[in-house]
Amino acid sequence: MSEPTPFDAVILAGGTGSRLGGASKADLELDGQRLLDRVLVAVADADTITVVGDVAVPDGVHRTLEDPPRGGPVAGVAAGLSALDAAGGAAEWTLVASCDLANPLPALGRLLAAWSWAVRSTDVTTDDHDGWCLADADDRPQWLLGIHRTSTLRRGLERLGSPRDRALHELFAEATLVTVPASRADVADIDTWADLAAWAQRLEPRDEPTQQEDER
């Protein structure tokens, strides 16, 4: 069996949380874990992980901030790549994700499985592909649920010049991306307190039915 294809990860955790009254999304808890920690578990196989945001991170995970802060997601990607360089990250591929994913383990698992199969398969030519990302029901690419050639990210940033307040679609305008169909739950994020409450209820453990109930 061939070795897994190495990748690094940049997790964006610097949003303002404006729809949450300024609360830190990364620190919100769902199913007994911070949202950030749920994402970190899902990318645990990455060689080097950098979180972009003013938030505590576990040992072994690097942290940085864009300068000046609150420069938007493209500025966050730029800061994350710089931090990966400083930390010795050198993988050909970089996963980019947001910290506010509602259900990151199956979502990122689906993404990584599709990407890994394609780049390792002898039946698929991927030389012309710059990345893979999940797509919603309308086939719109979810930029912050993707894994991309690191060189493609760097070229996009160089083309844009200053990354501050630039849109993600500008960063990927010249990239050839493969979209991976995903369920609504896979691409869901936590933007409001109502979102958090709904997902807390959804993930709440259900009591196992008794034998008598099973026989009804």
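W115 is buried in this predicted model, with a relative accessible area of 2%.

**Aromatic pairs**

Searching the whole structure turns up four aromatic pairs. In one of them, the ring centres of W93 and W115 are 5.8 Å apart and the planes meet at 65°, so this pair counts as edge-to-face. Because W93 sits in strand β6 and W115 in helix α3, the pair ties together parts of the chain that are 22 residues apart in sequence. Both rings belong to a cluster in which ring pairs link F7, W93, W115 and W132.

Another of the pairs is stacked: W143 and F172 have 5.3 Å between centres and 5° between planes. This pair links distant parts of the chain, with W143 in strand β8 and F172 in the loop between α5 and β9 (177–181), 29 residues apart. Is W143 buried or exposed, or partly exposed? With a relative accessible area of 24%, W143 is partly exposed, whereas F172 is buried at 6%.

Here are the two pairs side by side.

| Pair | Centre to centre | Angle between planes | Arrangement |
|---|---|---|---|
| W93 and W115 | 5.8 Å | 65° | edge-to-face |
| W143 and F172 | 5.3 Å | 5° | stacked |

In soluble globular proteins, nonpolar side chains tend to be buried together. Here the largest nonpolar core holds 33 residues, and I11, L95, L108 and I147 have the most contacts inside it. At least two residues come from each of β1, α1, β4, β6, α3, β7 (131–135) and β8 (141–149). Helix α3 supplies the largest share, six residues. A second, separate core has 17 residues, among them V52, A78, L81 and L160.

What does L95 touch, beyond residues up to four places away in sequence? The list is F7, D8, A9, V10, I11, V43, L108, L111, L112, G146 and I147.

**Helix α1**

Six of the eight residues of helix α1 (residues 35–42) are buried, so the rest of the structure largely encloses this helix. The buried ones are L35, L36, R38, V39, L40 and A42. Their cover includes the strands β1 (7–12), β2 (29–30), β3 (33–34), β4 (49–52) and β6 (93–98), along with helix α3 (104–120).

**The second largest pocket**

The second largest pocket contains about 250 Å³ of space. It is lined by 17 residues, of which P4, F7, D45, L112 and W115 are the closest to its centre. The elements giving two or more residues to this lining are α1 and α3, and α3 gives the most, with seven. By type, the lining divides into 11 nonpolar, three polar and three charged residues.

**Around P163**

P163 lies in the loop between α4 (150–160) and α5 (168–171). How far apart in space are P163 and G76, which are 87 residues apart in sequence? Their C-alpha atoms are 8.4 Å apart. Setting aside neighbours within four places in sequence, P163 is in contact with G71, V74, A75, A78 and L157. One of these, A78, is included in the second core.

How values were computed. Residues are numbered from 1 along each chain as its sequence is written. This is a predicted model: local features need pLDDT of at least 70, side-chain atom pairs count only at pLDDT 80 or more; totals for chains, interfaces and linings use all residues. Side-chain values use heavy atoms; hydrogens and water are left out. Buried means under 20% relative accessible area, exposed over 50%, partly exposed in between (1.4 Å probe, protein chains only). Helices (H or I, at least four residues) and strands (E, at least two) are DSSP runs, numbered from the N terminus. Contact means heavy atoms within 4.5 Å. On a 1 Å grid over the protein atoms alone, a cavity is a set of points where a 1.4 Å probe fits but cannot get out, and a pocket is an open set with protein on both sides within 12 Å along at least five of seven lines; lining residues have an atom within 4 Å of a point. Grid points are joined across faces, edges and corners, and a volume is the space filled by probe spheres set on the points. Ala, Val, Leu, Ile, Met, Phe, Trp, Tyr, Cys and Pro count as nonpolar, Asp, Glu, Lys and Arg as charged, and the others, Gly among them, as polar. A nonpolar core is a set of buried Ala, Val, Leu, Ile, Met, Phe, Trp, Tyr and Cys residues joined through side-chain atoms within 4.5 Å. Rings of Phe, Tyr and Trp (its six-membered ring) pair if their centres lie within 6.5 Å; planes under 30 degrees apart count as stacked, over 60 as edge-to-face and the rest as tilted.
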